[in-house]
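Reader: I'm new to this one. Could you walk me through it?

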Amino acid sequence: YHNHIHAADVLQSNHYLLLEGLDSYEYEFFIFASCLAAIIHDYEHNGVNNNFLIKSRDARAMIYNDRSCQENHHLSSAFACLSKDEFNILSSFSENKQRDLRKIVIELVIATDMANHNAIASQFRVLSSSGALQLEDEESMLTILKVAIKCADIAHTTKSEKLHSEWTKRITEEFFLQGDLERELHFPISPFMDRQNPQIEKSQIGFFQFIVEPLFDAFNNWLETKDLPFMTHLRENKQRYEAALKAKSNLR
């Protein structure tokens with residue numbers, strides 16, 4: 001799941017969402033920074049979550065003191081790569097612009113840590129509903145960019161059944177591989193990661209109900225548009241899981 005195709009998918013989704021709300025040349029620097037964050041947000045991901053890194057006392061957990069271990073590693077490794085002459089796409093930027101861009105990218109990649117989800121989503125809903133989100137204000141802009149990249153990171157849920165099903169198979173197998181490691185190391189197996197007790201429909205319904213739908217509803221409401229195509233796909237995908245779970249229950 002966490003590979004270069006995921007990075008490309010998040011980049012495309014992020015760009016689409018931003019152009020729906022920031023379709024103006026005056027925001028191009030913020031859009032560029034956000035697209036760069038999307039590209040690197042899972043750089044060198046090793047297929048396990050932060051909790052596993054902490055439990056196993058992985059080097060990433062030791063280096064980053066158990067805080068956003070993966071995300072800090074993605075940032076550190078990506079910026080180390082960008083510092084090399086052959087990969088430095090920022091060389092034409094002034095020093096001030098490079099510092100500003102780095103600051104934004106760090107904030108956005110850290111925002112993709114699900115440990116930060118509730119705080120970011122709640123802040124966005126409050127500011128958006130009160131009309132306090134102003135594009136001229138940098139803090140407001142940063143909040144919008146955080147929610148956009150968070151939406152993009154899980155945007156496979158808003159795509160066609162074929163695409164969404166493929167991504168779900170990939171993330172499920174990655175979860176099961178972590179569960180296999182946890183069993184081998186005699187750790188408690190993380191929820192929905194037990195290959196011997198698959199609960200795909202149940203886990204996906206919870207994911208849609210508590211994470212996906214509220215986040216995309218909030219972003220769609222901020223755009224002040226009627227449901228965009230991605231909202232239709234989102235609800236259709238959720239309904240398929242609900243129907244599948246109901247069918248399984250009826251067989252018992």
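Author: Let's start with a term: buried means under 20% relative accessible area, exposed means over 50%, and partly exposed is in between (1.4 Å probe, protein chains only). What you see is a predicted model, where local features need pLDDT of at least 70, side-chain atom pairs count only at pLDDT 80 or more, and totals for chains, interfaces and linings use all residues. Residues are numbered from 1 along each chain as its sequence is written, and side-chain values use heavy atoms, with hydrogens and water left out.

Reader: Then is Glu242 buried, exposed or partly exposed?

Author: Its relative accessible area is 34%. That lies between the 20% and 50% limits, so Glu242 is partly exposed.

Reader: Which residue forms a salt bridge with Glu242?

Author: A salt bridge here is a side-chain nitrogen of Lys or Arg within 4 Å of a carboxyl oxygen of Asp or Glu. With the closest N and O atoms 4.0 Å apart, the partner is Lys238.

Reader: Is Lys238 buried or exposed?

Author: Lys238 has 15% relative accessibility. Buried means under 20%, so Lys238 counts as buried.

Reader: Which residues are joined with Lys238 into one network?

Author: The network comes from salt bridges that share partners. Besides Lys238, the residues joined are Glu213, Asp217, Arg235 and Glu242.

Reader: How many residues apart in sequence are Arg240 and Glu161?

Author: These two form a salt bridge, with the closest N and O atoms 3.6 Å apart. Arg240 lies in helix 11 and Glu161 in helix 9 (residues 161–184), so the pair ties together parts whose separation in sequence is 79 residues.

Reader: How far apart are the closest N and O atoms of Arg170 and Glu166?

Author: Both residues lie in helix 9, four residues apart, about one turn of the helix. Arg170 is partly exposed at 28%, and Glu166 is partly exposed at 36%. They form a salt bridge, and the distance is 2.9 Å.

Reader: What does Tyr241 contact, leaving aside its neighbours within four places in sequence?

Author: Tyr241 is found in helix 11 (residues 229–251) and is buried, with a relative accessible area of 12%. Contact means heavy atoms within 4.5 Å. On that basis, Tyr241 is in contact with His164, Thr168, Glu201, Gln204, Ile205 and Phe208.

Notes: Helices (H or I, at least four residues) and strands (E, at least two) are DSSP runs, numbered from the N terminus.
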